[in-house]
Amino acid sequence: MNVLLDYLPEFRAGFLGTLAITAASAVIALVLGVLIAGFRVSPIPPLRAFGTAWVTLLRNTPLTLLFLIAFFVVPKILFQGASPFVLGMLALGLYTSSFVCEAIRSGISTVPVGQAEAARSIGLSFTQTLRLIVLPQATRTVLPPLSSIFIALTKNSAVAGAFSVTELFGYAKLLSDKGYAIAVIFLWVALAYLLITFAISGVFRLLERRMGVAR
Amino acid sequence: MSGASVLYDVPGPKAKVRNRIYSVLGALAVLALIGFIVLRLSANGDFDPARWDIFNYAGVRNSIRDGVLATLQVFAIAAVLSLAVGVLLAVARLSDHRPVRWLATGFIELFRSIPLLITIYAIWVLLLNNRTELGLSDNQPQFWALVIGLTVYNGSVQAEVLRAGILSVPKGQREAAYALGMRKTQVMTTVLIPQAVRAMLPTIISQLVVTLKDTSLGYIITYEELLYSTRLLAGNTTVGGENPYVQVIIVTGAIYIAMCLALSALANWIERRGRRAKTGIGVVEAGDVGNAGALTAAVAAEAAADTTADTAN
């Protein structure tokens with residue numbers, strides 16, 4: 001109990017750090033995921049191949065290795081002297097984008113074929129079909145897996161703490177190094193993560209209810 | 001192409017020309033991206049043959065081999081233990097005794113909701129503090145922290161997968177088994193679990209891929225698995241005054257991707273084989289757990305949606 005009260009500022013900073021990096025990489029993952037999913041169903045072979053390669057590579061790489069790439073290789077290519085937060089955000093965002101892409105792609109395939117056929121028959125182009133007809137309808141089926149992916153992202157953000165990004169795991173480590181009982185810290189940190197994951201699933205349940213349409 | 005072709009018409013002469021132009025542009029853009037990365041890296045001298053020469057030394061090769069072996073060792077033990085724990089937890093969660101059910105549910109939900117890294121770290125600190133009492137030496141605390149952490153987390157996930165599988169077995173199977181006079185244990189072990197495992201095998205293997213990937217968390221608690229030993233190697237070697245991080249990371253990444261792809265390929269093969277078979281209940285799609293079309297039970301679909309998340313871990 002005392003650990004929490006004595007180090008409330010640290011816990012707060014860690015909590016906010018976890019929230020910040022989760023939110024930032026969620027945005028990256030969402031934007032890239034939709035884009036790459038579009039690539040993967042497009043009529044243009046090189047883009048399809050790029051999308052497939054992207055998903056295969058990122059899904060089969062351990063997140064820790066991606067963090068190493070972000071911290072040792074990326075600064076040599078771009079972003080010299082970027083903060084650990086930006087690099088960590090990049091690694092988490094790219095990693096999660098492959099899962100978002102797959103969720104959206106399977107969502108696209110659940111939209112009834114007639115919808116896309118009707119869109120084509122009134123003369124919409126591929127981008128218009130996808131943007132105006134298919135993706136909005138796919139959103140509903142994509143929401144539940146998306147919420148699970150974001151919960152996984154929240155948990156994965158702990159790895160960023162090991163790479164000197166300010167967040168909950170980093171502070172748990174710090175306090176444990178100071179000699180506080182790990183079991184107590186563990187419970188408080190677990191509670192903080194539960195708070196975030198419950199919030200995410202709550203938001204998504206709300207979204208599902210608002211967007212839910214009887215088919 | 002079957003899914004994609006719905007989204008656009010069969011291209012006519014004009015569209016064909018347009019698509020070809022876009023193809024060229026797209027290919028150029030992808031090539032430009034790769035070219036840019038290669039250029040920047042070679043400007044840093046990362047494609048200098050001298051830096052790649054390190055892989056010709058026996059010492060470097062040995063430490064990579066030791067790393068791979070350490071990773072596989074942790075993976076093998078954690079995989080077996082997590083499957084055993086998974087079966088136990090799944091059965092416990094479906095138990096008729098309320099306290100057992102509650103305990104199993106609490107365990108599963110707790111360890112699934114906490115980041116695996118934090119679990120592993122907490123176990124590591126606990127083991128380090130009690131290392132003399134437990135008789136652990138050298139790197140054994142790291143090893144066991146990694147194995148136990150992976151076991152409790154993946155065991156919880158496997159339990160949920162198995163539970164979904166058990167619930168997806170048609171009710172008639174259980175009723176018929178009871179009608180034959182089988183006991184509860186017999187029904188579970190000889191009728192329900194075999195069918196559940198068969199239906200869920202692709203998902204179980206996908207989760208094993210996750211277990212394999214997560215062994216890399218040993219890097220953070222300084223266990224000498226593949227990632228840690230290669231990182232150490234790159235840190236200790238200098239070629240022309242610089243550490244060969246890029247080269248070592250590329251090689252390590254290739255090894256990891258090869259190992260994971262091999263396991264994923266196994267899952268896909270089993271899934272395809274299972275779909276060919278006409279008997280028994282359907283086999284779920286590998287990797288894409290959210291689309292468990294073969295499973296009819298609503299609970300199974302819900303649990304499967306949950307596991308998508310964990311596969312994303």
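How much area do chain B and chain A bury between them, and what percentage of it is on carbon and sulfur atoms? In this predicted model, the two chains bury about 5,200 Å² between them, with 73% of that area on carbon and sulfur atoms. The legends below take up the interface, the two chains and several individual residues.

Figure 1. The size of an interface is often given as the accessible area lost when the parts come together. Here 61 residues of chain B are in contact with 56 residues of chain A, and L7(B), Y121(B) and I249(B) supply 13% of the area that chain B buries against chain A, which is more than any other three residues contribute. Between chain B and chain A the count of salt bridges is zero, whereas five residue pairs, both partners at pLDDT 80 or more, are in polar contact across the interface.

**Figure 2. The side of chain B that touches chain A, viewed by helix.** At least two residues of this side come from each of helix 1 (13-43), helix 4 (98-113), helix 5 (116-129), helix 9 (184-214), helix 10 (226-236), helix 11 (245-276) and helix 12 (298-311) of chain B. Helix 1 of chain B provides the largest share of the side that touches chain A, namely 11 residues. Sorted by class, the side of chain B that touches chain A comprises 36 nonpolar, 15 polar and 10 charged residues.

**Figure 3. Chain A, with its helices and the confidence of the prediction.** Chain A has 10 helices and zero strands, and its C-alpha trace spans about 70 × 45 × 25 Å along the principal axes. Of its 215 residues, 52% count as buried, and among the contacts in chain A with a separation of 6 or more, 77% are accounted for by residues 24 or more positions apart. The average pLDDT of chain A is 82, and 95% of the residues score at least 70.

Figure 4. V134(A) and F39(A), which are 95 residues apart in sequence, lie 14 Å apart in space from C-alpha to C-alpha.

**Figure 5. S201(A) in helix 10 (residues 182-211) of chain A.** With a relative accessibility of 16%, S201(A) counts as buried. A polar atom of the side chain of S201(A) lies 3.2 Å from the backbone oxygen of F198(A).

**Figure 6. Chain B, with K16(B) in helix 1.** Chain B has 12 helices and zero strands, and 49% of its 313 residues count as buried. Residues 24 or more positions apart account for 72% of the contacts in chain B that have a separation of 6 or more. K16(B), which is found in helix 1 of chain B, counts as partly exposed because its relative accessibility is 44%, a value that falls between the limits of 20% for buried and 50% for exposed. The C-alpha atoms of K16(B) and T151(B) are separated by 53 Å, and the two residues are 135 residues apart along the chain.

**Figure 7. T222(B) in the loop between helix 9 and helix 10 of chain B.** Most residues other than glycine have a negative phi. The phi of T222(B), by contrast, is near 55°, a positive value in a residue other than glycine. T222(B) counts as partly exposed, with a relative accessibility of 28%. The helices on either side of this loop, helix 9 and helix 10 of chain B, are among those that each supply at least two residues of the side of chain B that touches chain A.

How values were computed. Residues numbered from 1 in each chain as written. Chains lettered and ligands numbered in written order. Heavy atoms only, no water. pLDDT = per-residue confidence, 0-100. Helix = DSSP H or I, 4+ residues; strand = E, 2+ residues; numbered from the N terminus. Contact = heavy atoms within 4.5 Å. Buried area = accessible area lost by both parts, 1.4 Å probe. Salt bridge = Lys/Arg side-chain N within 4 Å of Asp/Glu carboxyl O. Polar contact = N/O pair within 3.5 Å; in protein donor to acceptor, adjacent residues only side chain to side chain. Nonpolar A, V, L, I, M, F, W, Y, C, P; charged D, E, K, R; others polar. Buried < 20%, exposed > 50% of the residue type's maximum accessible area, 1.4 Å probe, protein only.
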